[in-house]
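Please keep the sequence and the structure in view while reading.

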Amino acid sequence: MLSAANIKAQSSFELSGYWLPGNSSTTLLNSFESNPSSFSMLKDWGLTMLYGSDFSSSVTSNLYLISLSKRLGNNFITARYTPGYQKDFVFNNGQSIILHDSTTQSLDSKFSYKELFGLGFSHKFSDKFSAGFTVRYFTQDFNQESVYPIFSDTLYLVRESNDEKADFWRGDIGLNYSPSDFISLSLSTQNLLTANANAVDPQISQYELKSDKGVLAGVSISPSKYLGLNLLYETNRDWQIGFNNFFEAFNGNFGIGVTAFHDKYQSPYIAGIIPAITYSTKLFGISLSGVKYFSNRNIVHTFSGFQNTGIDNIINNRYSFDKAVLTLTFTLNTIPERSVEFLDVNILNEIFPILSDHYLDKPFAIAKVINLTSHVVNAKPSSKIEGLDNGKIESPVVTILPHDTAEVPFFTIIPSSYEKKKAGISYVDFYLSTTNQSPDDQSQKPILINGINAWDGKVVNLRYFIKKDYEYSMDYAKNVLSRYKSELDTMSYALSIFYKAKILFNNFVSNLVYAANPSAEADYVQFPHETMKLKGGNCDDLSVCYSSLLESVGIQTALVDYKPVNGIGHVNVLVNTQLSPEQARLITKNDSKYFIRKNEEGIDEIWIPVETTSLTNFGKAWDLGAQKFDDDALDNLGLAKGNVQIVDVY
Amino acid sequence: MKTIILFTMLTAGFVSAQNFTVKKTAGKVSAQIGTNENWTAISVNESLPVNSIIETGKNSSVQIDNGNINFILKGSSVLPLTDLKEMSLNDLILALAMEDMLNAPKKKQEANSKNTAVYGAQINGIKSPIVETNDFGVKRLNGAVQLAESGLKESAVVDAKDTYRKYPATKNIASFRIYFANILSGLGLNEDAYDEYKQIQSLKLTDSQKQEVQNKMDELAMKLLKK
């Protein structure tokens, strides 16, 4: 009668030793054993092969493992084929038969344990936490020879082979948690889920791999970037301890490490060590490791010994031999290396399409960007506002020092054809590129796009409404002025601008009926053609319209921004008559009705204020404009105190 | 931001401001009220809004009062009543700064004057530039000088500066320029005064004026260096 053997699926033993989780990216992409959540720092594709030799009485070589790994965003998938994760036992069952030629033939029992393949999936929830699961498929083949007699005229002994298969699946989950660069913790199950196909023969079923449930806990401490101390403990009281040391050389990372392991089914207490040396670059990794047992492995074992102690690991047990293992890893990165990354994107303002070139030199958004590399990076920002831009709008390149952060402004261009009246929520795609065609990083933010008539309340930006309708204004103004051609042609050229301004104003107000209540339509400005069509508007609309009419025929204007007092502001128009101070008497005998501005050439010119909401005539509008300007801008020092501002329209 | 400014709102400020009352007149005295194009003769007890400008003819004068200020404008002078007020030094500094704000951007250095006329006379031992003239700009400077002499020096400078802008020929009258530059210097506005003297140097000056300007510039340069 055989007693139950302790045979289990392998746990945490790793042929290449136990390495810091963060440094296994180019050495071990396949590890389900020392990286239980199976997450990796791999950026895209990875291929790993483990090839090694057993130093038994003869040297036998195996392809232990081949695996393929792929990262999809924060998901990581691994599939591995493990032809070398196998252990075969052949026992003489103590019986033999004597053949008719007097030779004897022993009867054997063959047990074969294999892990054939495995699949792993994990998800990175944050830089600190990842979790995943692994599924592995094991096969077990049992073969026992026996003889049984057949009684007939002669007694026959028939040799019979009893074959059994007991394959099974094993599923486990694992967690990795790295609260800081200093420490990393891992936790995984052992045999959490198993799906068995038990052997029918009870004599055989006792040799199946057992599926005792357990837990595996690991801790890795990294006192520096180049040093790691690792401890792995299983609830069956097996453990491993090791250290890794890394240094940079030849454009890669060298690493040396050694892992000592304790297996309670092996002796001595420290059953063996796994020294390893690795070299890895961004493209490949190579690792040479060995398994050195401290007990003599080239001895004859007995079946009873196997029966009594069993094994708890297919590739590491008291029947395993010293090994040398070569690990090759290749990484294929079809995803461009990310050099810069968005930390945050801040939309500064909603979009006012009328402001057009305003956004060429004033950013609508500013991003905080980090340089992930150890060299200076030129970040090329670009953006696309859905519903506004037809393509990406590139903003100026920003140079960022290694591992430094910088504020990156985003500019845009409003198409001149944009005519939407209604506001709407859209979104902006922000891109950051470096040397690659494809972006290193991208981000999306919602943004409000106002209608074409929307105004941000800044008088300086009324100029956009003035310019937008130049074509209409020019046609209108020329049409009006053509009716006064004979008068204009005969008057002094110096006075022609003043009289053009007067004619246009008088015609302008003659077509208007009312001035609207401004509070009803705050932040909405009519284009000149709309004001003329609606026959009215508030001070913004009327000033924009009159200014546009004048500017369209080459008469220089400015807006006067009377800042809100008690919540009420005002805008009217200044007209440059281009008369010199000495010519003032040609238009007025009252020197409080004009003021002098130097032009760009330093020449004094007479400007006159015109109150556009005075729907009477030019003379009255000029009087009103002059009184307000003298009072608010000059006498009360409004210009100097910032209560009044002159905004030139050009 | 938007509002509508009605005529009544615009004029409300002027109605509520404290008017001047004409106390005495002598000779030809007239006023231009608000934005009115016409000048009208004024008489005793007449009320004048602060946005009025008063003008006196040769050998004429007018005395006006608003309860706070009692002022006599002598002959051949023009005075905007808005300038007949007490100003703080800070307000003067703001008003001087406003001159640049009025100009269009990219202002270039002002061209030197071509006018070579020299005005000015010595009155009571003090250099007073008041002149007998029909030139409106010069009359305004005469009025500004009288503001200064009555103690309203800050307002006088603002009035003079406005006159220079609107009547550029008056900028070439060295005696007025030196007079108001001296006021700036006396008020401690050394940098403004220095700039003013520097511009005055480019005018046609008498030897004594040259010496006076140079002395003032040296004195101010020392003060500015010690700053």
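In which loop of chain A is Pro268(A) found? Pro268(A) belongs to the loop that runs between β14 (252-262) and β15 (272-280) of chain A. The model is a predicted one, and in it the peptide bond from Ser267(A) to Pro268(A) is cis, with omega near 0°. As a rule, most peptide bonds are trans, and most residues other than glycine have a negative phi.

Leu637(A) is not a glycine, yet its phi is positive, at about 60°. This residue sits in the loop between α10 and α11 (638-641) of chain A. Is Leu637(A) buried or exposed? Leu637(A) counts as buried because it has 22 C-beta neighbours inside 10 Å, and the threshold for burial is 20 or more. In chain B, Ser76(B) likewise has a positive phi, here about 55°, although it is not a glycine. The loop that holds Ser76(B) lies between β7 (70-73) and β8 (77-80) of chain B. Ser76(B) is buried, because 21 other C-beta atoms lie within 10 Å.

The overall composition of chain A gives these details their setting. Chain A contains 11 helices and 30 strands. Of its 650 residues, 42% are buried. Among the contacts in chain A with a separation of 6 or more, 61% are accounted for by residues 24 or more positions apart.

Consider next the helices in the later part of the chain A numbering. Helix α7 (residues 493-510) of chain A has 18 residues. From its first C-alpha to its last, α7(A) reaches 26 Å, close to the 26 Å expected at 1.5 Å a residue. Which residues of α7(A) are buried? They are Phe498(A), Lys500(A), Ala501(A), Lys502(A), Leu504(A), Phe505(A), Phe508(A) and Val509(A). The cover over these buried residues includes the helices α5 (470-482), α6 (485-490), α9 (539-552) and α10 (618-635) of chain A, together with the strands β27 (568-576) and β29 (604-610).

Helix α9(A) has 14 residues and reaches 19 Å from its first C-alpha to its last, close to the 20 Å expected at 1.5 Å a residue. Because 14 of the 14 residues of α9(A) are buried, this helix is largely enclosed by the rest of the structure. Just after α9(A), Gly554(A) takes a positive phi of about 85°.

The loop between α9 and β26 (557-565) of chain A holds Gln556(A). Gln556(A) is buried, because 21 other C-beta atoms lie within 10 Å. Which residues does Gln556(A) contact once its neighbours within four places in sequence are left aside? Gln556(A) is then in contact with Asn576(A) and Tyr650(A). Gln556(A) and Trp607(A) are 51 residues apart in sequence, while their C-alpha atoms are 9.5 Å apart in space.

Chain B has 7 helices and 10 strands. Buried residues account for 39% of its 227 residues. Among contacts in chain B between residues at least 6 apart in sequence, 57% join residues at least 24 apart.

A helix pair in chain B shows how two of its elements pack. Helix α2 (residues 89-102) and helix α4 (residues 153-166) of chain B pack at an angle of about 10°, with their axes 9 Å apart. That angle makes α2(B) roughly parallel to α4(B), because angles under 35 degrees are counted in this way. On the α2(B) side, Leu89(B), Asp91(B), Leu92(B), Ala95(B) and Glu99(B) take part. They meet Glu154(B), Val157(B), Val158(B) and Lys161(B) in α4(B). The residues of this contact comprise 5 nonpolar and 4 charged, with no polar ones.

It remains to consider confidence. The predictor gives the complex an ipTM of 0.81 and a pTM of 0.61. Chain A has a mean pLDDT of 84, and 91% of its residues reach 70 or more. Over residues 1-10 of chain A, however, the pLDDT is below 50, and this stretch has 35 contacts in the model beyond near neighbours in sequence. Residues 23-27 of chain A also have a pLDDT below 50, with 24 such contacts. Chain B averages a pLDDT of 81, and 78% of its residues score at least 70. Over residues 1-16 of chain B the pLDDT is below 50, as it is over residues 107-126 of chain B. Where pLDDT is low, the predicted coordinates should not be read in detail.

Terms used: Residues are numbered from 1 along each chain as its sequence is written. Chains are lettered from A and ligands numbered from 1 in the order in which they are written. This is a predicted model: local features need pLDDT of at least 70, side-chain atom pairs count only at pLDDT 80 or more; totals for chains, interfaces and linings use all residues. pLDDT is the predictor's confidence in each residue, from 0 to 100. Two residues are in contact if their C-beta atoms, placed from the backbone, lie within 7 Å. Helices (H or I, at least four residues) and strands (E, at least two) are DSSP runs, numbered from the N terminus. A residue is buried if 20 or more other C-beta atoms lie within 10 Å of its own, exposed if 12 or fewer, and partly exposed in between; C-beta atoms are placed from the backbone. Axes are lines fitted to C-alpha atoms, for helices over the stretch in contact, and angles run from 0 to 180 degrees between N-to-C directions. Angles under 35 degrees count as roughly parallel, over 145 as roughly antiparallel, 65 to 115 as roughly perpendicular and the rest as oblique. Ala, Val, Leu, Ile, Met, Phe, Trp, Tyr, Cys and Pro count as nonpolar, Asp, Glu, Lys and Arg as charged, and the others, Gly among them, as polar. The expected span of a helix is 1.5 Å times one less than its number of residues.
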